Amino acid sequence: MSDIDFSAILPFVVLLCGSLTVLLVGTFFGKERTFSRVCLSSAYCVLAWLTSLEYVYGNHTALGGFLRVDSFSFVLFGVILLGSAMTLLLSQGTFRDQRLDASVDFDVLMLLATAGAMVMVASQHLIITFLGIELLSVAVYALCAGARNEKASAESAMKYFILGAFSSAFLLYGILLIYASTASMQLQDIALAVSSSSPKDILLIGIGLVIFGFGFKVSLIPFHFWTPDVYQGAPTTVSGYMAVVVKVAAFGAFLRLMSTAFGNISGAWTDLFWTLSVITMVLGNLMALRQESLKRMLAYSSIAHAGYVLMGFLVMDASGGGEAAVFYLLAYSLMTLIAFGVALHATAGSENQYDNDKIEALRDLGWSNPLLALVMTVSMLSLAGIPPLVGFVGKFYLISAVIKGGYIGLAIIAVLSSLISLYYYLRVVVVMYFLPGTEGKSVVRLDGNELLLSHRVVLAIAALGTIYFGLFSSSYIEYARMAVKSLT
C-alpha cells in the first residue's frame with residue numbers, strides 16, 4: 001500500500017473535499033440552498049475534471065494498484081462530471097416545485113455519488129468496484145427519497161434500495177466465485193489466470209452473476225423492472241442524474257472489467273451479450289411505445305439505449321466496438337440531459353407530477369415556450385437517430401462495428417429497433433407543435449421569460465453539443481479510441 005500516488009487520486013480528493021466544504025458551509029451558515037452554493041458544488045466538479053487533465057495520455061495507478069487513472073478514466077470522468085454539474089445547475093430554483101427541501105444536503109449527496117461513480121470507472125480491483133457502486137447507490141437511494149412527503153418518492157427509494165441490495169448480493173457472490181477460481185481480485189491478475197487455462201465452470205458462473213449485477217445497474221432486460229417505477233417516482237432532477245451519471249459509471253466499470261479481466265475469453269460470454277442486447281433494444285422500444293407518462297417513456301428509452309451500448313461489448317477488438325460504446329455514452333448523456341431538463345420544467349409545480357406526468361402536458365409548448373420546445377426537439381430527433389445529430393453518429397459507429405465483427409443480423413435488428421423508436425420520439429414533437437393547448441389545464445410551469453439563466457445555459461450547451469458532436473465527431477472518437485486502448 002506504499003504506492004499511494006496522491007496526484008493520481010487528486011480528482012477523488014477534490015470531490016470529497018467539495019462535499020465536506022458544502023456540508024460545513026451548511027452547518028455554520030445555514031442549510032438553505034442558494035445559487036452561490038450550487039455554483040460552488042458545480043465548481044468542484046469542474047475542478048475535479050481539471051485535475052485529471054494530466055492523465056489524458058498517461059496511465060497512473062494509485063493506492064497500491066487498486067485505482068488506475070488513465071485515458072479511459074479521463075474521458076468518462078468528463079462525461080460523469082459534466083452530467084453532475086449540469087444536473088446541479090438544472091435543479092437550482094426548482095426544488096420547491098418538486099416538493100424538495102431546498103437544503104445543501106442534496107449537493108453533498110450528489111458530490112458523494114459522483115465520487116463513487118468515478119471510483120467505479122477507475123477501479124482495478126473487484127472489491128474497490130463494489131465499494132464504488134455502494135457509495136454511489138447509497139447516496140442515490142437518499143436522493144430518490146428527497147420529496148419526503150410524496151408517497152411515490154418514498155416508494156421509488158424503497159424499491160431501488162431493495163432491488164439494488166438484491167443485485168449487489170449477486171454481484172458480491174459472483175466476485176467471490178471469481179476469486180475462488182483465479183485466487184485474485186486484481187483485474188490484470190484475473191486476466192493472467194483465465195488465459196493460462198480453459199475457463200472452469202465456477203468461473204463462468206461467477207462471470208454470469210457479475211453480469212447479472214451490472215445488468216441491473218445499466219437496466220438491461222430482464223433486469224430492468226425497477227427502472228420505470230424508480231424514474232417516475234423519484235424527483236425529476238434525480239431521475240435525470242440516474243439516467244446519465246449512474247448509467248455511464250456502470251457501463252464504464254462494466255467495460256473495464258470485461259475488457260481487462262475477461263477479454264481473453266470473450267467467446268464465453270458473446271452469445272449471452274448478443275441475446276441481452278437484442279431483447280433490451282427491441283422490448284425496451286416496444287414498451288416505450290405504450291407509455292403516456294413522459295418520465296416512464298424516457299425510462300424505457302434509456303433501457304433501449306443500454307441495448308445499443310451493449311452491442312459494442314461484442315466487438316471490443318479491432319472492429320472498434322469499445323470506442324463506439326464510449327462515444328455513444330457521451331451522445332446518450334447529452335441527449336438525455338436535455339430530455340430530463342425539459343421534463344423537469346414540464347412537470348415541476350404540477351399537483352400530480354409524481355404519478356401522472358403525461359406527455360400531453362407538452363401540448364402547445366412549441367408556441368408558448370419556443371426555447372424549451374426547440375431543445376426538446378433536438379433531443380428527440382437525436383435519440384431517434386436522425387442525421388446529422390450525435391445520436392445518429394453514435395448508432396452509426398456501433399452498427400458499423402458490429403458489421404465489421406460479422407454480426408450482420410444484430411445490425412439489422414438494431415436498425416429496425418431504431419425505426420420503432422421513431423414513433424414515440426416524434427410523438428413528443430407532434431404534441432409540442434401540432435396539438436393545441438387545453439385552456440386552463442396546461443401543466444407546463446414556466447414560460448420563456450421565467451427560465452433561469454443557468455437553465456438556459458445548461459440546455460443550450462447540451463443542445464449545441466448534440467449538434468456539434470454530430471457534425472464533428474472525429475476528434476472525440478479519437479479520444480474514445482485512445483481511452484479503450486489504455487485498458488489493455
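Start by selecting Pro222, in the loop between helix 8 and helix 9 (226-233); helices here are DSSP runs of H or I with at least four residues, numbered from the N terminus. A cis peptide bond with omega of about 20° joins Ile221 to Pro222. Before moving on, note that this is a predicted model, where local features need pLDDT of at least 70, side-chain atom pairs count only at pLDDT 80 or more, and totals for chains, interfaces and linings use all residues. Residues are numbered from 1 along each chain as its sequence is written, and side-chain values use heavy atoms, leaving out hydrogens and water.

Stay in this loop and pick Ser219. Ser219 has a positive phi of about 65° although it is not a glycine. Most residues other than glycine have a negative phi, and most peptide bonds are trans. At 0% relative accessibility, Ser219 is buried (under 20% relative accessible area, with a 1.4 Å probe and protein chains only).

Next, select Tyr160 and Phe216, an aromatic pair 6.5 Å centre to centre with 15° between the planes, which makes it stacked (ring centres of Phe, Tyr or Trp, its six-membered ring, within 6.5 Å; planes under 30 degrees apart are stacked, over 60 edge-to-face, the rest tilted). Tyr160 lies in helix 6 (residues 151-182) and Phe216 in helix 8 (residues 201-218), so the pair ties together parts 56 residues apart in sequence. Both Tyr160 and Phe216 are buried.

Now try Phe166 and Phe212, an edge-to-face pair at 6.4 Å and 75°.

Finish at Pro388, in the loop between helix 15 (370-384) and helix 16 (390-404), where a cis peptide bond joins Pro387 and Pro388.

Note on methods
Helix = DSSP H or I, 4+ residues; strand = E, 2+ residues; numbered from the N terminus. Buried < 20%, exposed > 50% of the residue type's maximum accessible area, 1.4 Å probe, protein only.
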